[in-house]
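Please look through the sequence and the model shown below before reading on. The paragraphs that follow go from a loop to the helices and then to the sheet.

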Amino acid sequence: MDHLLLVNDGSIDLSNLIKEKIIFFGERHINSSDTNFVRKIIETVEPDYVLVEGLGDLTLLKKSDKIKASKLEEDSLYYGKLTKWWIDVSLEYDTPFIGFELVDRSNVDGDDLATTFKAREEHWIKIIKKYTSSKNYVLVVCGDTHLRTISCKALGQASPLYKAFPKATFIRTPEPEIE
C-alpha cells in the first residue's frame with residue numbers, strides 16, 4: 001500500500017488512524033493549533049513513541065526524564081524555545097518522547113539548505129526506523145517543509161521520508177511553506 005497523504009484541514013477523523021503503525025505530522029513550529037492536533041492524535045491513537053524533531057536529540061522515556069529536562073535552561077537546549085515547548089508537551093503524557101534531530105553536523109559536507117536537509121532527513125530515517133518495529137505504533141512530528149512533495153533548488157529533492165516509509169500516513173498543515 002502506498003502512503004496516505006492527508007491535510008489537517010479539520011476534516012480528519014482520527015479514529016480512522018488508530019490502526020496506522022506510523023503517522024507523520026508536519027507542523028508549523030510553535031503553533032498551538034498544530035500542537036493541539038498532535039495532542040488529539042496522541043490521545044486517539046495512543047502511540048508507543050512520539051518522535052519529535054523539535055526535541056533535538058533528547059530522549060525522554062520516563063516522567064523523571066521529562067521533569068529533569070523541564071528544568072534545563074531554554075538557551076541550553078538545541079532549538080531553545082521550540083525544544084522547551086515539546087518538553088512541556090511531553091510532560092502531559094506517559095508516552096516516551098524521542099528527539100531525532102541531527103545535532104552534530106560536523107560531518108555534513110556543505111552548509112546550504114539542500115545539503116543540510118538531505119543529511120538531516122537521512123539521519124532521521126535511521127532513527128525513526130529504530131522505533132518502527134512491527135509491534136510499535138509511532139507518531140513522528142517534524143516541520144511541515146520536511147514533508148515536501150516536490151523538488152526545488154533551495155531544498156533539494158522531494159522528502160525521502162515518503163520513500164523510506166511507504167506505508168505511513170502523512171498529515172500536512174493546511175498552510176505549507178512548500179508543496
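This is a predicted model: local features need pLDDT of at least 70, side-chain atom pairs count only at pLDDT 80 or more; totals for chains, interfaces and linings use all residues.

**From a loop to the sheet**

Leaving aside neighbours within four places in sequence, E74 is in contact with G80, K81 and K84. The C-alpha atoms of E74 and W85 are separated by 9.5 Å, and the two residues are 11 apart along the chain.

The next element to consider is α3 itself. How much of α3 is covered? The helix is mostly covered, with seven of its 10 residues buried. These are L82, T83, K84, W86, I87, V89 and S90.

Part of the surroundings of α3 is another helix. The axes of helix α1 (residues 32-45) and helix α3 (residues 81-90) come within 12 Å and cross at roughly 30°. Angles under 35 degrees count as roughly parallel, and α1 and α3 are therefore described as roughly parallel to each other. Their crossing is right-handed. Which residues meet there? On the α1 side they are S32, T35, V38 and R39, and on the α3 side W85, W86 and V89. Sorted by kind, the residues of this contact are four nonpolar, two polar and one charged.

The spacing of the α1 residues can be read with a general rule. An α-helix has 3.6 residues a turn, so residues three or four places apart point the same way. With that rule in mind, look again at S32, T35, V38 and R39, the α1 residues that meet α3.

One residue of this contact can be followed in detail. T35 lies in helix α1. Is T35 buried or exposed? T35 counts as buried because its relative accessibility is 1%, and the cut-off for buried is under 20%. Not counting residues up to four places away in sequence, T35 touches W85, W86 and V89.

Most residues other than glycine have a negative phi. I30, which is not a glycine, has a positive phi of about 55°. I30 is found in the loop between β2 and α1, and it counts as partly exposed because its relative accessibility is 30%. E46 also has a positive phi, near 55°, and is a residue other than glycine. Its place is in the loop between α1 and β3, and E46 is exposed, with a relative accessible area of 60%.

Now turn to the strands. They form an open sheet of seven strands in the order β1-β7-β2-β6-β3-β5-β4, with mixed pairing. The edge strands are β1 (4-7) and β4 (59-60), and each of them pairs on one side only. α3 packs on the sheet, where it touches β2, β3 (49-52), β4, β5 (97-99) and β6, and its direction makes about 160° with that of β5. Helix α4 (residues 113-131) lies across β2, β3, β5 and β6 and runs at about 175° to β3.

Six of its six residues are buried, so β2 is largely enclosed by the rest of the structure. I22, F24 and G26 point one way from the strand, I23, F25 and E27 point the other way, and all are buried. On one side, β2 pairs with β6 (residues 138-143) in the parallel sense over six bridges. In this pairing F24 stands opposite V140, while V141 is the bridge partner of F25. β2 also pairs in the parallel sense with strand β7 (residues 169-172), over three bridges, and there I23 stands opposite T169.

β3 and β5 pair in the parallel sense over three bridges, and L51 stands opposite I98 in β5.

Conventions: Residues are numbered from 1 along each chain as its sequence is written. Side-chain values use heavy atoms; hydrogens and water are left out. Axes are lines fitted to C-alpha atoms, for helices over the stretch in contact, and angles run from 0 to 180 degrees between N-to-C directions. Helices (H or I, at least four residues) and strands (E, at least two) are DSSP runs, numbered from the N terminus. Angles under 35 degrees count as roughly parallel, over 145 as roughly antiparallel, 65 to 115 as roughly perpendicular and the rest as oblique. A crossing is left-handed if the near helix is turned anticlockwise from the far one by less than a right angle, and right-handed if clockwise. Contact means heavy atoms within 4.5 Å. Ala, Val, Leu, Ile, Met, Phe, Trp, Tyr, Cys and Pro count as nonpolar, Asp, Glu, Lys and Arg as charged, and the others, Gly among them, as polar. Buried means under 20% relative accessible area, exposed over 50%, partly exposed in between (1.4 Å probe, protein chains only). Two strands pair if DSSP finds at least two bridges between them.
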